[in-house]
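Below is a short report on strand pairing and aromatic contacts. The sequence and model come first.

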Amino acid sequence: MNDNTQPLIDPTIKIHGKYIYTRCYCEENVYKLCEDLSVGDEEKKDKYFVVFVSNKNKKVPLWGHSAEGKDKVIVWDYHVFLIEKGESQHETKVYDHDARYLPCPCAFIDHFEECFRPEISLKEEFLHSFRILKGYEFLNSFSSDRSHMINKVKGGYLMPPPSYPPIQIQGVATNLESFLEMDESKNSVVPGVSVKVKEY
């Protein structure tokens with residue numbers, strides 16, 4: 001019997017009634033969100049920011065992402081979400097489709113306190129680092145062949161991929177790892193600045 005890697009159910013759905021979403025493909029979910037919000041329009045170029053969260057160990061704890069409850073922690077290798085900058089921090093919003101217990105968008109401070117739990121002292125290997133870039137820069141530079149989601153032993157996808165074609169720019173198969181590189185001395189390939197949690 002041949003292994004059919006195509007899912008029986010379309011893995012790409014509409015979340016919150018309107019946003020394209022595929023589980024475990026947060027970078028592509030944010031890319032599609034940037035398209036939906038037209039972040040490349042001139043009046044929006046300084047309003048929307050894409051945020052990559054990771055660290056050199058590829059171990060970043062996030063709360064509120066588990067179906068088991070908002071106090072259950074999940075350790076991801078990375079995560080991606082979108083910020084809509086307001087006139088003040090209180091008016092700044094976050095779009096995070098995987099923050100199960102928060103509305104989308106939600107207040108920046110609510111997202112930070114709920115998902116990052118700044119009151120908890122983490123071991124150094126789990127400390128969050130952030131790469132922040134403008135939404136339109138992300139649209140113009142991101143490329144992924146989804147190879148990071150291939151099971152290196154068994155082949156096939158670890159999780160069903162989006163039903164639309166891979167997002168790629170001409171001449172670049174994939175540059176996801178460059179966005180996840182938080183050491184600026186090693187990264188001159190993709191846009192954005194890297195900051196630690198205290199600067200975030």
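Rings of Phe, Tyr and Trp (its six-membered ring) pair if their centres lie within 6.5 Å; planes under 30 degrees apart count as stacked, over 60 as edge-to-face and the rest as tilted. Phe 81, Phe 108, Phe 112, Phe 116, Phe 130 and Tyr 200 form one aromatic cluster on this basis. The model is predicted: local features need pLDDT of at least 70, side-chain atom pairs count only at pLDDT 80 or more, and totals for chains, interfaces and linings use all residues. Residues are numbered from 1 along each chain as its sequence is written, and side-chain values use heavy atoms, with hydrogens and water left out.

The structure holds 15 aromatic pairs. Two of them are tabulated here.

| Pair | Centre distance | Plane angle | Class |
|---|---|---|---|
| Phe 52 and Phe 179 | 5.1 Å | 15 degrees | stacked |
| Phe 138 and Phe 142 | 5.0 Å | 40 degrees | tilted |

Phe 52 sits in strand E3 and Phe 179 in helix H4 (residues 176-180), 127 residues apart. Helices (H or I, at least four residues) and strands (E, at least two) are DSSP runs, numbered from the N terminus. Phe 52 is buried, at 0% relative accessibility. Buried means under 20% relative accessible area, exposed over 50%, partly exposed in between (1.4 Å probe, protein chains only). Phe 179 is also at 0%.

Now the sheet. Six strands form an open sheet in the order E8-E7-E6-E3-E9-E10, with antiparallel pairing. Two strands pair if DSSP finds at least two bridges between them. Six bridges join E3 (residues 48-54) to E9 (residues 129-134). Ser 54 has Ser 129 in E9 as its bridge partner.
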